[in-house]
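Hi everyone, thanks for coming. Let me put it on the screen.

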Amino acid sequence: MSEPLFSAAEARRLLSLGLPVFVAQLSQTGMTFVDTAMTGQYATADMAAVAVAGSIWAPLSLLGVGCLLALSPMSAHLVGGGERGEAAHLLRQGIWLTCILAAVLMVLFQIISYNIDVFGLEPQLADLAGGYLRAMLWGLPGFMLFVNVRSFLEGFSRTRPAMVIGLLGLALNVPCNYGFIYGVWGLPRLGAVGCGVATSLCYWFMALCIIFYTRRDRLTRDIGPLFLPLLLPHTTCKPEHRDSRFDPALILRIFRIGFPGALAIFFEVSLFALTALLLAPLGDVVVAGHQIALSYSALIFMVPMSLNITATIRVGHLLGGTRIWRAHMAARTVLMLGAGTAVVTALLTVTARYGIVAIYNNDPAVVTLAAHLLLLAAVYQVVDALQTISIGILRGYNDTRIISLICFSAYCIIGLPLGFVLSRTDWIVPAMGAQGFWIAYIAALSFGAVCYLCRVRHLHGLPEETILQKIHR
């Protein structure tokens, strides 16, 4: 008898876990929107500086944050298997990794900020963008620490704290931006740089809030101090905390599991950033239409991304408890949920595309182009949902090595070259402009979705002993 594809009970469990994750993801996207909107009200040059610096900040910071996403399935495996003490040890080693990655990225951002004119920016724009990056880099450790502790809590299926704290961070971001951008309440008037200062402060606020919650929650307050064992000499630590000091082997394991997924995020974000640069010579209408479609797609992407994180948590937790059949069922159910929600959002995109574009712009030429691109975006959403959720499932199985290979092939071998050929050359068809890149997105994501789904199917055919060995390797 074949196994059912969908479980209503599992779907309810997934939605209960996933809704807070979705709201938390929206709050983080909202901070980017607030930064852009408020600097745009201040000055066009400052908004441009935030946009340019953001295109550098996003892929590199997500490369570091992506490495920490391995903590979520690893923590879920341990908690699901009843090893709460080991989960606390994992958290502390994640803090060590956070410190190392943050230090490397901060140095890199500092170097880039003083040499950002190599991208061909005008001197004023380069100064503003560089200043914004230098302000933002001080918030990077706070944001990575927030992700670190959030992943630990996700191992306990605690997703609501990150949602509440994310909303609080978004609420704080608005007055902080206003104060530092415009120089009110006795604060210096810093424009775009002030936006970076405000966001950095909000990142640290979120990190401190989630640490405070972890120390107070009934399930996690007995894990011991988070930082003290990292700093004290071995002989002065309490016996139960002595194994919490620097553990190079575990830190390397976290990095090894997380890095392929981090590369996948880096490749995807970099592809979209490069697309804007390659379309720039085609004129403002093309760039504007593309940016509208991309902005809307980024908002809709929060749905499959939330299911990606939810799949990792749920599948990892079930595997940790050696409930292999239930893990397979959860994986199939979340894929069905993702496909269903993608069809709904695609239909919404098709039917409401002109109204969506009107929110952004009323230039007839831009509206016509953006509305056409949203038709392609509707197809893009379905395959993007399948590939994104499949990646989350693979992370739950600790099967991440193949992710970076597939993602590199999809984006760098198929997506970017095909997009350039279709949009800027007459080699295959007459140059299609922005539409060429969106067709290439669909081809690249379809390739990735098929590969990831085949990999999930392969995992579901493995013996239970092999799967358990994989999650503990």
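What pLDDT does the chain average, and what share of the residues score at least 70? This is a predicted model, and the chain's average pLDDT is 86, with 93% of the residues scoring at least 70. Please take care with residues 231-240, though, where the pLDDT is below 50. Beyond near neighbours in sequence, that stretch has 10 contacts in the model.

Find helix α1, residues 8-42, and helix α2, residues 44-68. Their axes lie 6 Å apart, and the two pack at an angle of about 155 degrees. Angles over 145 degrees count as roughly antiparallel, so α1 is roughly antiparallel to α2. Who makes the contact? From α1 we have Asp35, Thr36, Thr39, Gly40 and Tyr42, and they meet Asp46, Met47 and Val50 of α2. Sorted by class, that contact has 3 nonpolar, 3 polar and 2 charged residues.

On to the second pair: helix α3, residues 71-80, and helix α12, residues 302-320. Here the axes come within 6 Å and cross at roughly 35 degrees. Is the crossing left-handed or right-handed? α3 passes α12 in a right-handed crossing. On the α3 side, the contact uses Ser72, Pro73, Ala76, His77, Val79 and Gly80. Facing them from α12 are Thr312, Ile313, Gly316, His317, Leu319 and Gly320. This contact of α3 with α12 has 5 nonpolar and 7 polar residues, and no charged ones.

Note on methods:
Residues numbered from 1 in each chain as written. Predicted model: local features only at pLDDT ≥ 70, side-chain atom pairs only at ≥ 80, totals over all residues. Heavy atoms only, no water. Axes fitted to C-alpha atoms, helices over the stretch in contact; angles between N-to-C directions. Helix = DSSP H or I, 4+ residues; strand = E, 2+ residues; numbered from the N terminus. Left-handed = near helix turned anticlockwise from the far one by under 90°. Contact = heavy atoms within 4.5 Å. Nonpolar A, V, L, I, M, F, W, Y, C, P; charged D, E, K, R; others polar. pLDDT = per-residue confidence, 0-100. Parallel < 35°, antiparallel > 145°, perpendicular 65-115°, else oblique.
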